[in-house]
Amino acid sequence: MTVNVSLYIDGKELPSDYRPTVLSLFKAVLKKHYPGDYAGMYESGNVQKNFTFAIRFSNPSFSGERMTFADPNVRLSISSADERTALLFYNAFCKSRGYVHPLSGKGTIRVADVRITPHPECKGNTAVIKFSSPLVVRAHKPGEPDQYYIYGDPEFSNCLNHIVSRQLGRDTVISLEAISTRKTVVRCFGTKIRSSLGTYRISAEPQVLDRLIKSGIGSRRDMGFGCCTVIGG
């Protein structure tokens with residue numbers, strides 16, 4: 001399911017590194033209305049979260065530490081293959097309609113409206129997808145700096161398959177073929193992350209494909225990465 005949240009951002013401005021702001025909004029609405037679920041999700045150590053999100057701004061422009069955009073009305077989409085997770089966010093935001101969340105520095109975010117839509121089922125083993133938030137492929141080894149791979153790097157496919165296998169809890173092989181790709185560098189919690197955007201053909205078992213499209217692909221999905229939509233078969 002996808003939870004679509006309409007937000008009004010006073011001042012049409014956010015930090016360039018805006019994901020911590022979005023996550024602080026998630027935590028605020030969950031902690032207020034579902035404190036037990038909030039604690040299980042955010043206070044129980046390194047819990048793998050079964051959702052991803054993307055946020056759409058109108059004509060965003062970046063300048064140093066700030067990002068501005070043309071329209072204060074923005075759309076936040078939270079996607080999950082797990083019905084309970086999707087309904088948790090849906091109910092938390094429904095109960096938070098009208099809630100005004102303070103921003104660090106200046107400005108506020110107001111929760112304006114909430115809608116939920118079902119995902120179409122993926123029944124084949126291939127789909128054409130477009131990423132609405134960047135695909136992050138991270139190689140993490142304790143005691144060493146993280147490495148981030150983009151499409152075209154020699155290590156990209158093996159690392160992505162390792163990530164997907166951990167996400168699903170079993171050995172899994174997927175194939176990602178670029179149709180139109182571009183690289184980007186995104187700031188997240190102060191770290192500059194190499195990542196990929198664009199349109200790709202993805203191949204996998206139907207059940208695997210269905211779950212990845214609904215809950216996101218790659219690393220750091222719960223921080224707003226790897227969210228995609230199906231645009232073709």
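Me: By class, what residues make up the lining of the largest pocket in this predicted model?
Reply: Let's sort them by class. Nine of the lining residues are charged and ten are polar. The rest of the lining of the largest pocket is nonpolar, which brings us to twelve nonpolar, ten polar and nine charged residues.

Me: Which residues lie nearest the centre of the largest pocket?
Reply: This pocket has a volume of about 960 Å³, and 31 residues line it. Nearest its centre you'll find Asn-46, Arg-138, Arg-166, Ser-219 and Arg-220.

Me: Which element gives the largest share of the lining of the largest pocket?
Reply: Start with the elements that give two or more residues: helix 1 (19-33), helix 2 (35-42), strand 10 (137-139), strand 11 (147-149) and helix 4 (156-168). The largest share is five residues, and it comes from helix 4.

Me: OK, on to the second largest pocket. What is its volume?
Reply: First, the residues around it: 20 of them form the lining, and Tyr-18, Phe-62, Pro-134, Val-186 and Leu-197 lie nearest the centre. As for the volume of the second largest pocket, the figure is about 570 Å³.

Me: Which strand gives the most to the lining of the second largest pocket?
Reply: Strand 3 (52-56) and strand 12 (175-188) each supply at least two residues here. The top contribution is five residues, and the strand behind it is strand 12.

Definitions and conventions. Residues are numbered from 1 along each chain as its sequence is written. This is a predicted model: local features need pLDDT of at least 70, side-chain atom pairs count only at pLDDT 80 or more; totals for chains, interfaces and linings use all residues. Side-chain values use heavy atoms; hydrogens and water are left out. On a 1 Å grid over the protein atoms alone, a cavity is a set of points where a 1.4 Å probe fits but cannot get out, and a pocket is an open set with protein on both sides within 12 Å along at least five of seven lines; lining residues have an atom within 4 Å of a point. Grid points are joined across faces, edges and corners, and a volume is the space filled by probe spheres set on the points. Helices (H or I, at least four residues) and strands (E, at least two) are DSSP runs, numbered from the N terminus. Ala, Val, Leu, Ile, Met, Phe, Trp, Tyr, Cys and Pro count as nonpolar, Asp, Glu, Lys and Arg as charged, and the others, Gly among them, as polar.
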